[in-house]
Amino acid sequence: MYRFLDFTLAIFGLVFGLPIMLLIYIIGLFDTGSPLFRQERVGCKKKPFILIKFRTMSLETASVASHLASTSSITRLGKFLRKTKLDELPQLWNVLKGEMSLVGPRPNLFNQKELIEHRDGLGVYNVRPGITGLAQVSDIDMSTPELLAKTDAEMVKGMSFSNYFRYIFMTLAGRGQGDRVNQSK
């Protein structure tokens, strides 16, 4: 049932979001020269997939979890995209392809060993990763791997039709701050 909702809402989002995405893409060409960001992430059953987002950091930024990157690497456009969560729009393509869900645990990098260990032990990788979920609307990010894994497992266990829409609406209403970046760098 959730796959049907994901597919339907992703098509709707891509069709109606296309003008916004084109505008962001064009502005992104002037911001970094490369407006789309592609990165290998851990998917369902720990299968790798390529996540697509709008670029929010400079091209030279190392491929690490956001909380390990420096705030100085975030571009001016990137600050706006992160604050409004518009950087996530291209992930609707990942949802359409079945690599992600609208609601699920945020996909992590393969080099986040501690998070992988905690999530693996709690069965979090048995579901598709998502664009948003309980951790995101609760301001829990990847800088606290054990708490994140427990929150993800709680969400997976308690997933229902109403919670699916609740997390989406909370995200659209601006709940959650997104992944933090390192303020000291």
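Predicted model: local features only at pLDDT ≥ 70, side-chain atom pairs only at ≥ 80, totals over all residues.
Next I checked how the two strands pair. β1 (residues 36-42) and β2 run antiparallel, with seven bridges joining them. Is β2 mostly buried or exposed? I find five of the seven residues of β2 (residues 48-54) buried, so the strand is largely enclosed by the rest of the structure.

Moved on to α7. I looked up Asn163, which sits in this helix (residues 161-172). Asn163 has a relative accessible area of 16%; the cut-off for buried is under 20%, so Asn163 counts as buried. I also looked for a polar partner, and the side chain of Asn163 makes a polar contact with the side chain of Arg166 at 2.9 Å.

Then I took the helix as a whole. α7 has twelve residues and spans 17 Å from first C-alpha to last, close to the 16 Å expected at 1.5 Å a residue. Which residues of α7 are buried? I get Asn163, Tyr164, Tyr167, Ile168, Met170 and Thr171. Looking down the axis of α7, I see these buried residues within an arc of 165 degrees, so they line one face of the helix. On the other side, Ser162, Phe169 and Leu172 are exposed.

What covers the buried residues of α7? My list includes α1 (2-31), β3 (101-103), β4 (130-132), α5 (134-137) and α6 (145-157). After α7 I noted Gly174, with a positive phi near 95 degrees.

The largest has 25 residues, and Leu92, Leu102 and Val103 touch the most other members. I traced who supplies this core: α1, β2, α2 (76-84), α3 (91-96), β3, α5 and α7 each give at least two residues. The largest share, five residues, comes from α1.

I followed up on Val103. Leaving aside neighbours within four places in sequence, Val103 is in contact with Gly130, Thr132, Gly133, Met155, Met159, Tyr164, Tyr167 and Ile168. I had already logged Tyr164, Tyr167 and Ile168 among the buried residues of α7.

Key. Residues numbered from 1 in each chain as written. Heavy atoms only, no water. Helix = DSSP H or I, 4+ residues; strand = E, 2+ residues; numbered from the N terminus. Buried < 20%, exposed > 50% of the residue type's maximum accessible area, 1.4 Å probe, protein only. Polar contact = N/O pair within 3.5 Å; in protein donor to acceptor, adjacent residues only side chain to side chain. Pairing = 2+ DSSP bridges. Expected span 1.5 Å × (residues − 1). Arc of directions from axis to C-beta. Contact = heavy atoms within 4.5 Å. Core = buried A, V, L, I, M, F, W, Y, C linked by side-chain atoms within 4.5 Å.
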